[in-house]
Amino acid sequence: MLRTALKPRWLALLVVVLVAAAGMARLGQWQWDRAHDNADENVVARTTQPPVPIGAVIKARQTFTGAAADRPVVAVGTYSAADQLLVPERRLSGRTGLWVLTPLVLEDGSAVGVVRGWVPDAADPAAAAAAVPTGPVAVRGVLRPAEPPPDRAPGESSGLPAGQVERVDVTELIGLWRWPLLTGYLVLTDYTAAATADGTTTAVPVAAASPARVPAVPEGTGGIDLRNLSYAGQWFLFAGFGIFMWWRLVRDDHLGVLPPAPDDDPAPAAPADAADPHPADETTPHEGATL
Amino acid sequence: MKAALTRYRVLAWATGVFLLLLTLHVVLQAVQKEPGQPLFEAEGIGAVLPGAGAWVPIVHGWLYLVYVIVSVDLWFRTRLNFPRMVGVALAGTIPFMSFVAERWVRHQVEPMLGRERTAAGTAAQPQ
């Protein structure tokens with residue numbers, strides 16, 4: 001059997017099979033990784049760009065472009081704590097809570113909604129207006145397009161308590177906030193104190209209670225993606241199957257059944273078949289190489 | 001050989017049908033998606049059959065794996081033209097082609113089954 005396997009023909013095929021199996025195993029590994037890390041790679045790539053001043057990407061009332069999506073930016077301004085809103089039904093690490101959405105009034109007089117973080121319930125101290133940093137701040141965050149308005153019949157209200165909105169929807173925020181608004185919002189990653197008009201820098205505002213950070217890259221489902229896991233398994237099986245096929249061909253050669261012979265037929269080496277190795281292919285004009 | 005052919009034909013049809021469902025799924029996703037939205041975020045076939053967007057691709061994946069295995073099994077028994085059999089295995093990934101491949105394989109293998117029976121008959125006669 002080993003002598004058969006060492007024939008140049010089978011060694012060459014073994015190399016081909018092993019290369020193919022290695023390729024398939026890599027593809028399996030890739031699907032395995034995909035199954036466990038289902039964050040969108042494009043979003044990850046966009047959110048890791050170096051931050052730029054927000055004014056260089058988008059200004060108030062301008063259309064939100066694709067280039068602005070998930071773009072890390074720095075916005076300098078002052079929060080308006082009195083106008084802070086909460087956005088319910090938001091998930092973080094498998095729990096449902098609320099986003100804390102505070103308008104940041106920029107130096108040019110326009111404003112952008114900043115998702116400062118997530119709180120488990122509306123009564124959380126971090127959701128109180130008193131917990132909003134005062135004074136000029138430089139906010140680093142990732143730009144997101146405004147969310148589409150909720151699908152609701154005209155005149156029907158959201159039924160939410162005052163100070164809560166269903167979506168980060170600019171068309172609704174225009175009615176609640178008094179500044180020209182940017183058509184997207186910021187998901188805060190961090191902030192520092194910014195220089196005030198007279199050039200002095202106040203200490204970094206101490207956040208007595210800050211809401212939990214919302215990740216810049218939206219969380220996946222948190223679970224394992226079954227489809228990718230399934231594809232991973234299939235690639236590994238294909239890789240193994242290729243090696244099995246090689247072994248099977250070598251075995252057939254060893255047993256001397258390798259020019260064609262039905263291997264499991266009860267009537268061994270049927271004379272008709274033996275005399276005519278490729279009876280079925282007679283009609284095909286171009287018969288390729290046969291193993 | 002007959003059983004192997006039946007296995008192959010069942011899998012060829014099942015894979016073919018699921019590949020059509022998968023194609024329908026992707027076409028629906030392309031129709032449904034909002035401009036700028038990635039294709040895979042659209043609901044696809046799930047809009048017609050709830051949840052199908054999740055299991056149709058998975059089922060097709062496994063059916064195709066079994067399809068390739070039964071194709072190879074059939075090849076070991078029949079020794080059909082090898083490059084063509086590779087084509088048959090790949091046909092499971094192209095919409096409608098598995099039906100064409102199934103037809104070709106059946107036309108190739110069925111005459112062999114006839115010969116097999118004749119051979120078995122003549123072999124039995126001398127006893």
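Q: What does contact mean here?
A: Contact means heavy atoms within 4.5 Å. This is a predicted model, where local features need pLDDT of at least 70, side-chain atom pairs count only at pLDDT 80 or more, and totals for chains, interfaces and linings use all residues.

Q: Okay, what share of the contacts in chain A joins residues at least 24 apart?
A: Among contacts between residues at least 6 apart in sequence, that share is 69%.

Q: How many helices and strands does chain A have?
A: Chain A has six helices and seven strands, taken as DSSP runs (helices H or I, at least four residues; strands E, at least two) numbered from the N terminus. In sequence order they run α-α-α-β-β-β-β-β-β-α-β-α-α.

Q: And how much of chain A is buried?
A: Of its 291 residues, 39% are buried, meaning under 20% relative accessible area with a 1.4 Å probe, protein chains only.

Q: What span should α5(A) have?
A: Its 29 residues should span 42 Å at 1.5 Å a residue, and its end C-alpha atoms are 42 Å apart, which agrees.

Q: What comes just after α5(A)?
A: A:Gly256 is there, with a positive phi of about 75°.

Q: Which numbering is this?
A: Residues count from 1 along each chain as its sequence is written, chains are lettered from A and ligands numbered from 1 in written order, and side-chain values use heavy atoms, leaving out hydrogens and water.

Methods. Buried < 20%, exposed > 50% of the residue type's maximum accessible area, 1.4 Å probe, protein only. Expected span 1.5 Å × (residues − 1).
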